[in-house]
Amino acid sequence: MTKIHIIQLVVVALMIGIVFFNLGNRSPIHPETGEPDPDGQSDIRNKTSVLFRSCVFQLTNTIASIIAVFPIERALIVRERHNNMYDIGPYFLGKLCSEFTIPDSLCLCILDYSIIQWLICIMGGESWFYFIFFVTRA
């Protein structure tokens, strides 16, 4: 985990938090009619999209850091593929497993969701925070 990953995560979480600021405490408004939405479907869709963005951002952030190293190791991979040692699939899977460290990614997930929860108020209460955090990370 580098400082760049942390800064990138905080900036993106703040941008999403500003866009959806105080979403959990607003009364739902229907997007087409502009009238109050008694079912709260637009509110549910907005919350779901925020949680989906968070999951996808964590995944792409992890994969992008692995793919960034690939051009540097390309000569080694070409040589070992030429010698029939292994294919690209096992190499990429091994690289993903070796560079994806659970404590680092867990710290980034907690930081990301803490910022989002504080700005957006997705769910009320501490128990909901842990529930949503672990459901989106599973």
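Helices here are DSSP runs of H or I with at least four residues, numbered from the N terminus. Read along the sequence in this way, the protein chain follows the pattern α-α-α-α-α-α. The secondary structure comes to six helices and zero strands.

The model is predicted. Mean pLDDT for the protein chain is 76, and 70% of its residues reach 70 or more. Of the 138 residues in the protein chain, 30% are buried.

**Salt bridges**

The count of salt bridges comes to two. One of them is formed by Arg53 and Asp112, with the closest N and O atoms 3.4 Å apart. This pair links distant parts of the chain, since Arg53 belongs to helix H2 and Asp112 to helix H5 (residues 102-120), 59 residues apart. Arg53 has a relative accessible area of 16% and is therefore buried, the cut-off for that class being under 20%. Asp112 counts as buried because its relative accessibility is 0%.

Asp87 forms a salt bridge with Arg81, and here the closest N and O atoms are 3.3 Å apart. Asp87 has 43% relative accessibility, so it counts as partly exposed. Arg81 has 41% relative accessibility and so also counts as partly exposed.

Helix H3 covers residues 70-82, which makes 13 residues. At 1.5 Å a residue the helix should span 18 Å, and its end C-alpha atoms are 17 Å apart, so the two values agree. H3 also has a kink of about 35°, centred on Leu76.

Just after H3, Asn84 takes a positive phi of about 60°. Asn84 lies in the loop between H3 and helix H4 (88-99). Most residues other than glycine have a negative phi. Asn84 is a residue other than glycine with a positive value, near 60°. Its relative accessible area is 68%, so Asn84 is exposed, the class that begins over 50%.

**A nonpolar surface patch**

Ile67, Phe70, Ile88 and Phe92 make a nonpolar surface patch of about 310 Å². Phe70, one of these residues, has its place in helix H3. At 31% relative accessibility, Phe70 counts as partly exposed, because that class takes in what lies between the buried limit of 20% and the exposed limit of 50%. Phe92, also part of the patch, pairs in space with Ile66, as the table below gives.

**Contacts between separated parts of the chain**

| Pair | Separation in sequence | C-alpha to C-alpha distance |
|---|---|---|
| Leu23 and Ile122 | 99 residues | 6.8 Å |
| Gln58 and Ser105 | 47 residues | 8.1 Å |
| Ile66 and Phe92 | 26 residues | 8.5 Å |
| Ala13 and Gln117 | 104 residues | 9.9 Å |

Leu23 lies in the loop between H1 and H2. With a relative accessible area of 2%, Leu23 is buried.

Gln58 has its place in helix H2. The relative accessible area of Gln58 is 9%, so this residue is buried. Arg53, the salt-bridge partner of Asp112, is in helix H2 as well.

Ile66 is placed in helix H2, which runs over residues 41-67. Ile66 counts as buried because its relative accessibility is 4%.

Ala13 is in helix H1. Its relative accessible area is 0%, so Ala13 is buried. Between the C-alpha atoms of Ala13 and Gln117 there are 9.9 Å, with 104 residues separating the two along the chain.

Definitions and conventions:
Residues numbered from 1 in each chain as written. Predicted model: local features only at pLDDT ≥ 70, side-chain atom pairs only at ≥ 80, totals over all residues. Heavy atoms only, no water. Helix = DSSP H or I, 4+ residues; strand = E, 2+ residues; numbered from the N terminus. Expected span 1.5 Å × (residues − 1). Bend = angle between axes of the 7 residues up to and from the residue. Buried < 20%, exposed > 50% of the residue type's maximum accessible area, 1.4 Å probe, protein only. Patch = residues over 30% accessible without salt bridge, like charges linked within 9 Å, V, L, I, M, F, W, Y side chains within 5 Å. Areas by Shrake-Rupley, 256 points an atom, 1.4 Å probe, with all protein chains shown as cover. Salt bridge = Lys/Arg side-chain N within 4 Å of Asp/Glu carboxyl O. pLDDT = per-residue confidence, 0-100.
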